[in-house]
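Here is a friendly walk through a sheet and a pair of domains. Have a look at the model first, and then read on.

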Amino acid sequence: MARKSHVQTTINGETVEFLCESRQSLLEVLRDELYLTGAKEGCNNGNCGACSVILDGRLVNSCLVLGVETEGKSVETIEGLADPDKLHPIQDAFLENAALQCGICTPGFIMSAKALLDSNPNPTEHEIRYWLAGNLCRCTGYDKIVKAVMDAAKETSA
Amino acid sequence: MASWGEASESRLIGKRVTRLSGKDKVTGKAKYTFDINEPGMLYGRILRSETAHATVIGIDLSEAEALPGVKAVIPLIEVGNKLRYQGQEIAAVAAETDDIAKDAIRRIHVDLEELPHVVTEDDAMVEGAPQIREDWAGNQSEPNVREDGDINAGFDEAAVEVEATYHTPVQTHVCLETHGHVAKWEDEQNLTVWASTQGVFGVRNDFAQHFELPANQVRVITEHMGGGFGSKFGPGIEGRTAVELARITGKAVKLMLTRKAEHLVAGNRPSMTQQVRAGATSDGRLIAYDMKGYGTGGISSGAGFTGPYVYHVPNSRAERVNVAVNAGNQRAMRAPGHPQGAFAMDSLMDELAEKLGMDPVEFRRINDPNEVRQAQYTLGAQEIGWHRRNTVPGAGTSVKKRGMGVGSGQWGGGGGRGTEARVTINADGTVEAVTGTQDIGTGIRTVIAMIVAEEFGLETTDVRVKVGDSQPGLPSGGSGGSQTTPSVAPVIKTAAAAAKQKLFERIAPLLDAPVGDLRVGTGTIYVVSDRTKTITWKQATGQLGMESISEGGTWEEDLRQNGAAGTQFAEVEIDTQTGAIRVIKIVAVQDCGLAINRLTTESQVNGGVIMGLGQAILEERFMDPVTGRMLNANLEDYKVPGTLEIPEIKSIVFDTHRKVTGVGEPPCIPTPGAIANAVYNAIGVRIRSLPITPDKILDALAEKA
Ligand code: FES
Ligand code: FES
């Protein structure tokens, strides 16, 4: 078995240490080592956005980031988004707009939307569509997802 | 006669209710099969053929077996047998980590004797093409012929005729969660499998039979699943392999398909090529139709498609054959055979209408015997603004040209028997509904909760719904054919009604009223003749003491109806310099019967439209004739629609009656035809082959010029 590296990183505000092989992706580390299965694997090569997480404030496909690259960095995943007793406004907006069906793409979309609203609190509909173009959904038809993000933007920037 | 009651009396049914499992899904808590992690779990992987056609001469597993961390390596094909498509299973491994499993796969050595392959229909139909199925003469199946009336007499009567060839390529399902299972033997006789499936009980029965176990000792769980669209019924070779690896190693094994394998082996919508000649009378009656067509479902058959479709033709002949090629099997895909057939038929209708000098909607009105769609044509035309369309297709000199088109579809979705369910009322007032159906994203959980809550005067969140588990043995059919809601809803409704009746019988003496006088209010039960006699739900159930009420239901046919008509209108914009096509708006008028949850019903319609849009302008499996491989077995080159391709979608849930009908499939049927007709209306050149991509548009425009 290949040698493992020790990595210390921050995940959803908490310091986390893990061992991983240098070839393991952040997605694999999250899902298989840390059992944070909110980030999904849809393609494992950067084409679907199901694995979206935020790394040091930047939206990334976690299947394209190595686990060892997160040393000393900060990772935000879907599991850290809601407060214990309150959903994040983006999560609420997805629920209210029925912006999900099977839901497997949903964590990716929500993290993607979070990264957008963090940097651009008042996006236009076109900006939203452009930003979310890297997230695929086979069920919903996207319409309600875009509306959910518009609603969430109103909520968070109000 | 059982009924859903009047709309005015419904508190929940027919309303918009947010999804029950939604909170788990938006927080990442919802566990899909892909997310299951069992203690000590191993990772399974399958070595697949990269060769389209070959005989297996030898398989050497020893180097893989010797790799530390590898727990099992098994062959999946016997030496001497043939591999007949890229992606076919050769061997499988189970290892401590996914990376070790990948390493092990690379250490399996396979000796092949390559055979000539054919991967396109055209190549397969050439005389002397390599034969790829032993049970057929050549690469074509026996033709399936259907005749109605007398086509020669029909053509004699025709004033106009059209002859054309229409083509749709193979499309793949692209479920965002790939196929897969996590298998775990509790002991030698008890098996638990988490499966990403549309049919919990079908998968259970398959495993029971294959592994010779009593069915009730196999438990299949599908709490959440990431899309199936028809491709996830049986466990497939990967499912049986996961169970076998788990049996050999004595550990839980997770085996999910890669995205590449998903494209290659997990099913697809067959292609269609049809040559059709059709005629209409001068007063606009479709009178004769003669079609010869073929399609490929890979090495399997099943490449059927509809035709003539929806419109009435008194004289018709249709001949279809399956063509075998060296590619993965087809599987049912959302309304199998319909979108292909509808695209051809609706294109043909427009071509005939033009020859007659008739408005395409008018022409449809004359020939469509379906009353529901007659009304839908009016509504849809109004909504899209049909009067704005180009009266002369392709007219004008602007670079960007707009056009409008119409298409139609028809589906069954009436459900059937075979669902068992239990609705339980506990003494503490809690309520539970259990059945063995599965929620594949359509929202059946929420529908069940709404029905029970309506019956009991409660809120949907008061009802605990358990689906997606073959224990405790309450079977339900697979979620296919748009059958889930019409199969499940009537049983839940009657079970809830029976449980309510039992509760009424218990508390009638307390309220000093005949059972027939009791009614539920909102969280209460009262006597209809004397409203002062009211007790709360909790007070009522408190009467049960240590007992609970648990009732089953029956499938009452009166509660559902077969037949869902749909019509769609599309508006597109074509950039005549770049060939870029943008779908601006789709109006989808869909008969949904009684839409129990309007919110999720609308979502179903939206989702169907987008899948149809993908088929119309983006999706195509590309096979390389030289290597025999799929060139775009990923999500970069196999393009599915994304946020930038999405038009404004106006879903009109068209109420025709108060009986339940399934609508998972029908909304994807009319879309390609409507878009293709809109493209013609915009640029005045017809593209008869899907997907309608910029290169085809530019070629067509160049030819016209
Ligand atoms: S899994 Fe990372 S982009 Fe698809
Ligand atoms: S909801 Fe199923 S893939 Fe998006």
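Strands here are DSSP runs of E with at least two residues, and helices are runs of H or I with at least four residues, numbered from the N terminus. Two strands pair if DSSP finds at least two bridges between them. The model is predicted, so local features need pLDDT of at least 70 and side-chain atom pairs count only at pLDDT 80 or more, while totals for chains, interfaces and linings use all residues. Residues are numbered from 1 along each chain as its sequence is written, and chains are lettered from A and ligands numbered from 1 in the order in which they are written.

Let us start with chain B. Its open sheet of 7 strands runs in the order β3-β5-β1-β13-β10-β11-β12, with mixed pairing. Because β3 (70-75) and β12 (218-221) of chain B are at the edges with a single partner strand each, one side of each has no neighbour in the sheet. Within this sheet, β1 (residues 42-48) and β13 (residues 253-256) of chain B pair in the parallel sense over 2 bridges, and B:Y43 stands opposite B:K254.

Angles run from 0 to 180 degrees between N-to-C directions of axes, which are lines fitted to C-alpha atoms, for helices over the stretch in contact.

| Helix | Lies across | Angle |
|---|---|---|
| α6 (residues 200-210) of chain B | β11 (190-195) and β12 of chain B | about 145° to β12(B) |
| α7 (residues 236-249) of chain B | β1, β3, β5 (89-95), β10 (180-187), β11 and β13 of chain B | about 35° to β10(B) |

In chain A, an automatic or database domain assignment sets the bounds: domain 1 (4-80) and domain 2 (89-157). Their C-alpha centres lie 21 Å apart.

Definitions and conventions: Contact = placed C-beta atoms within 7 Å.
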